[in-house]
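The exercises below are to be worked with the sequence and the model side by side. Each task is followed by its solution in steps.

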Amino acid sequence: MDARPSTPSYRLLTSALVVLIAAGAVAFPASAQETEPTEPAAREGQWVDFIFGTGIDPESREVIGADETFAPEIEMVYCFTRVHGMRPPASVTHVWYHEGRTISRVDLNIGSENWRTWSYKSRFDGWSGAWEVKVLNEDGMVLGSATFTVQ
């Protein structure tokens, strides 16, 4: 006696599964290594991407001289951020730190849920060492941080 259900929906589901497996649409991984995604998963919520550089191209609004280490005679370092997931009207604050001490705070308006903005620090003579920029939302929560070094 056959223990499988013989309802039309069961037969249809079984037939569909056989077709999908045969067509390669359903795969069963051979190892855990093959199941790791090749692309990072989309992030949810609010987050920030950072790039430091020596300038901003006025036409393309792209970073010039992108790096994480700068010479002490550099005139300016820009912190270029892309803020994701904030609904305008909103603002963020770039907080600049040198060796753990707050140097400046710059408030920046956000105009869309995927918004590019930047601030900069100038005159680095005598300010060598570790720098950090934190991006805070309006509630003071850190959305992200990144570091650079002035040699």
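**Exercise 1. List the residues in contact with Cys 79, leaving aside its neighbours within four places in sequence.**

Step 1. Contact means heavy atoms within 4.5 Å.
Step 2. With that cut-off, Cys 79 touches Phe 50, Ile 51, Phe 52, His 94, Trp 96, Thr 117, Trp 118, Ser 119 and Val 133, once neighbours within four places in sequence are left aside.
Step 3. The model is predicted: local features need pLDDT of at least 70 and side-chain atom pairs count only at pLDDT 80 or more, while totals for chains, interfaces and linings use all residues. Residues are numbered from 1 along each chain as its sequence is written, and side-chain values use heavy atoms, with hydrogens and water left out.

**Exercise 2. Find the largest nonpolar core and the elements that give two or more residues to it.**

Step 1. A nonpolar core is a set of buried Ala, Val, Leu, Ile, Met, Phe, Trp, Tyr and Cys residues joined through side-chain atoms within 4.5 Å. Buried means under 20% relative accessible area, exposed over 50%, and partly exposed in between (1.4 Å probe, protein chains only).
Step 2. The largest such core has eleven residues, including Cys 79, Phe 52, Trp 96 and Val 133.
Step 3. Strand S5 (76–84), S9 and strand S10 (142–150) each give two or more residues to this core; strands here are DSSP runs of E, at least two residues, and helices are runs of H or I, at least four residues, numbered from the N terminus.
Step 4. S10 supplies the largest share, three residues.
Step 5. Another core, of nine residues, lies apart from it, with Val 48, Val 83, Val 92 and Leu 108 among them.

**Exercise 3. Give the strand order of the open sheet of five strands and describe its pairing.**

Step 1. Two strands pair if DSSP finds at least two bridges between them.
Step 2. The order is S4-S10-S9-S6-S7, with mixed pairing.
Step 3. Strand S4 (69–70) and strand S7 (101–110) are the edges, each pairing on one side only.
Step 4. S4 and S10 run parallel and are joined by two bridges; Thr 69 has Thr 149 as its bridge partner in S10.
Step 5. S9 and S10 run antiparallel, with eight bridges, and Val 133 has Ala 146 as its partner in S10. These two strands form a hairpin with five residues between them, where Gly 140 in the turn has a positive phi of about 85°.

**Exercise 4. Classify the aromatic pairs Phe 80 with Trp 118 and Trp 127 with Trp 131.**

Step 1. Rings of Phe, Tyr and Trp (its six-membered ring) pair if their centres lie within 6.5 Å; planes under 30 degrees apart count as stacked, over 60 as edge-to-face and the rest as tilted.
Step 2. Phe 80 and Trp 118 are 6.0 Å apart centre to centre, with 15° between the planes, and the pair is stacked.
Step 3. Phe 80 lies in strand S5 and Trp 118 in strand S8, so this pair ties together parts 38 residues apart in sequence. Phe 80 is buried at 6% relative accessible area, whereas Trp 118 is partly exposed at 29%.
Step 4. The ring centres of Trp 127 and Trp 131 are 5.9 Å apart and their planes are at 50°, so the pair is tilted.
Step 5. Trp 127 is partly exposed at 25%, and Trp 131 is buried at 1%.
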